[in-house]
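Good morning, and thank you for joining this meeting. I would ask you to look at the structure on the screen while I go through its parts in turn.

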Amino acid sequence: MIARWFHRRGWSDLVIGLPYVWLLIFFLLPFLIVVGMSFATRTSTAPPFGFGGENPLVNLAGYARLFSDTLYIRAFVTSLTNAAGAMVLCLLIGYPMALGLTRVDRGWRNILLMLVILPFWTSFLLRVYAWMGLMGSNSWFNKVLTGAWNWLVPQAWDVANVPLMHSNFAVVLVMVYTYLPFMILPLYANLERLDPTLDEAAMDLGARPFAVFRDVTLPQSIPGIIAGGMLVFIPAAGELVIPTLVGDSSAPMIGRVISDEFSSARDWPMAAAVAVALLILMVGPMMIYSRFEARAQARERSE
Amino acid sequence: MTEPLVRIEGVSKSFGSFQAVKNVSLQIEKGEIFSLLGGSGCGKTTLLRMLAGFETPTQGRIFIDGVDMAAVPPWERPVHMMFQSYALFPHMTVEKNVGYGLKHEAMSDADRKARVREMLELVQLTPFATRKPHQISGGQRQRVALARALARQPKLLLLDEPLAALDKKLREHTQFELMSIQERTGVTFIVVTHDQEEAMTLSHRIAVMDQGVVRQVGRPGAVYEFPNSKFVANFLGSINAFEARVTALGDQISVDVPALGQSVQARAIGGLSVGQNVTMALRPEKITIHRAPIEGANVLAGGVKDLAYFGKDSLYRVALPSGALVSVHAVNAARASDDERLADWDDKVWLSFDAASVLLLTD
């Protein structure tokens, strides 16, 4: 009986079901725990939170503090602007690179793709430390920059060194460096599928190369831009390591806030509330977008 | 003589060590439908792409309306192309596709709209103006591509295998539509095709290409009836070809054809000498099939080996005593039941043909 079920459709059900089970146990369940925790009250016991008893069963204090304490609002704003900046810069740098990849011949293309992926082969942390070395005020890089600056501007504006480290600029710079492949690869996959005869057709109809790009290539690459943008924006907004190492500690990003609440402040319910808020902030626009996409597609099909 | 619309002068194109087009010279007159006919890899598409400006000739020059095209980029040429894949912009509506070329022209919005409407009427697609390309049929897409290419009123329209993606019924219909649109607009067409029937029906003149070389240029009738080489004769329609040797010149030329086991009389043409080796060629439809012996110079006796009945006509393959096979195409002019057929398997038959129908090819 089980054997018959297995042979008829059971094996495909199992194969399809396994990832869902995985997601259920290791993603949805922990997430529900976090959501539950966000409604708990902080205690000095272990674990450091509790429900009921002398505490209210549902405590919304964490969420209330999100709006009352400017630390959280500022952290959210810093995170979103840094992530948006990194995303836009990745797009501006990555788009020409992805487009270039589709225009070179096969042999070169593989080499260049390799170079895009190559940085992943060294430790992420090591690469961030390398940037710290470059940006530090005693580095040759900083000295060259300082020299150039002092040579260019009037003497009154001279500086001892260019303050690169511990700034939002440093965070965005390192995030762009780190996440650039996540922008290039989906864009490349999208652009590579486009039909080159469409470019020729546009050119044939009187479009100069820039008009060809604007009217034909760009509109068709929007799915790639959105995919790449999300792959950069989402991890960048929650980034912990980069802002901790090179960022401005007086204006932390949200990942840092969550980490601090969990570990040093031991306020797990507050940390959970911030995490849930971040998730809503990320997933909300995505869901609106995909619903909008689906409706547009349905409309197109029904016409 | 007036300047032809297109003058191609000794154009060659190489890709690395491969020569796609070899020293091609052609003149195409205004208002013509001119076909470039050949198998795949014969260089016809490369030639077309050079006219559009997507490839630059390695050698030679191309003039359109008297202007050397060497320094003119594709977007400034008075030439538009209808691509084999149609290359419609998938993110634009039919209307936007047709109007795309007009965007790059200085004209008022009202004029632009009027022109798009006019083009859509020309190809009978007005009701589909707001659809996207994936929402219309293949035949409609083809017409959108045509309307888009014609919208800017080009001097020259290049059509790359315009009918290849359509099914047989639609192809015949579209072929006549293309011809009537060409007549109405007066635009010169250059059509690239591998389909000899398409080339014959569609065009005023044909250039037969092979391995980058133009083998023959002429009206369809002239190229079919007077091919200048075995390649052209074979490429356009089918032909019976046999090795032969000229034995006598005069009012008629006598050639000895070993494969037929006899000599054949052909109409006199110049440039031959006695003893010269030639190819004797004969179109299957120029041969008459008889069931009784007949008298005359060009008569062959044999037996029916194969018979293919197509309805309106039949193809016979007749085996001669020498072992050679001759194809004969006969129209089934009279209605006949199976047992009344002109000839049947293994029947003894006699074949006759005019001296005027015999082709003597030296190439």
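Let me begin with a definition: two strands are said to pair if DSSP finds at least two bridges between them. Please also bear in mind that this is a predicted model.

I start with chain B and its sheet. Strand 1 of chain B, residues 6-15, and strand 2 of chain B, residues 18-28, run antiparallel and are joined by seven bridges. Within this pair, B:Arg7 has B:Gln27 of strand 2 of chain B opposite it. The two strands make a hairpin, with two residues between them. In that turn, B:Gly16 has a positive phi of about 60°.

Strand 1 of chain B has a further partner, strand 4 of chain B, which covers residues 59-64. Here five bridges join the two strands, and the direction is again antiparallel. Two of the residue pairs can be named. B:Val6 has B:Ile64 of strand 4 of chain B as its bridge partner, and B:Ser12 is bridged to B:Gln59 of strand 4 of chain B.

In what order do the four strands of the open sheet of chain B lie? The order is 2-1-4-5, and the pairing is antiparallel. Strand 2 of chain B and strand 5 of chain B, the latter at residues 67-68, are the edge strands, as each pairs on one side only. Helix 1 of chain B, residues 44-52, packs on this sheet and touches strand 1, strand 2 and strand 4 of chain B. The direction of helix 1 of chain B makes about 65° with that of strand 2 of chain B.

I turn now to the domains of chain B. The assignment divides chain B into domain 1, residues 6-234, and domain 2, residues 238-361. Their C-alpha centres lie 39 Å apart. How many residues of each domain of chain B are in contact with the other? Five residues of domain 1 of chain B are in contact with six residues of domain 2 of chain B. On the side of domain 1 of chain B that touches domain 2 of chain B, there are two nonpolar residues, two polar and one charged.

Chain A is also assigned two domains. Domain 1 of chain A comprises 1-68 + 267-303, and domain 2 of chain A comprises 70-264. The separation of their centres, taken over C-alpha atoms, is 29 Å. Nine residues of domain 1 of chain A and nine residues of domain 2 of chain A make up the contact. On the domain 1 side, helix 13 of chain A, residues 268-302, gives the most, with seven residues. By class, that side of domain 1 of chain A has eight nonpolar residues, no polar ones and one charged.

The axes of helix 3 of chain A, residues 70-103, and helix 7 of chain A, residues 168-193, come within 6 Å and cross at roughly 40°. The two helices are therefore oblique to each other, and their crossing is right-handed. The residues of this contact comprise 21 nonpolar, six polar and one charged.

Helix 8 of chain A contributes A:Leu198, A:Asp199, A:Ala202 and A:Met203 to the contact, while helix 9 of chain A contributes A:Val212, A:Asp215, A:Val216 and A:Thr217. These residues divide into five nonpolar, one polar and two charged.

This brings me to the contact between the chains. It takes 17 residues from chain A and 20 residues from chain B. Which elements give two or more residues to the side of chain A that touches chain B? They are helix 8 of chain A, at 196-204, and helix 9 of chain A, at 209-220. Helix 8 of chain A gives the most, with six residues. By class, the side of chain A that touches chain B has eight nonpolar, three polar and six charged residues.

Thank you for your attention.

Definitions and conventions: Residues are numbered from 1 along each chain as its sequence is written. Chains are lettered from A and ligands numbered from 1 in the order in which they are written. This is a predicted model: local features need pLDDT of at least 70, side-chain atom pairs count only at pLDDT 80 or more; totals for chains, interfaces and linings use all residues. Axes are lines fitted to C-alpha atoms, for helices over the stretch in contact, and angles run from 0 to 180 degrees between N-to-C directions. Angles under 35 degrees count as roughly parallel, over 145 as roughly antiparallel, 65 to 115 as roughly perpendicular and the rest as oblique. A crossing is left-handed if the near helix is turned anticlockwise from the far one by less than a right angle, and right-handed if clockwise. Ala, Val, Leu, Ile, Met, Phe, Trp, Tyr, Cys and Pro count as nonpolar, Asp, Glu, Lys and Arg as charged, and the others, Gly among them, as polar. Two residues are in contact if their C-beta atoms, placed from the backbone, lie within 7 Å. Domain bounds come from an automatic or database domain assignment.
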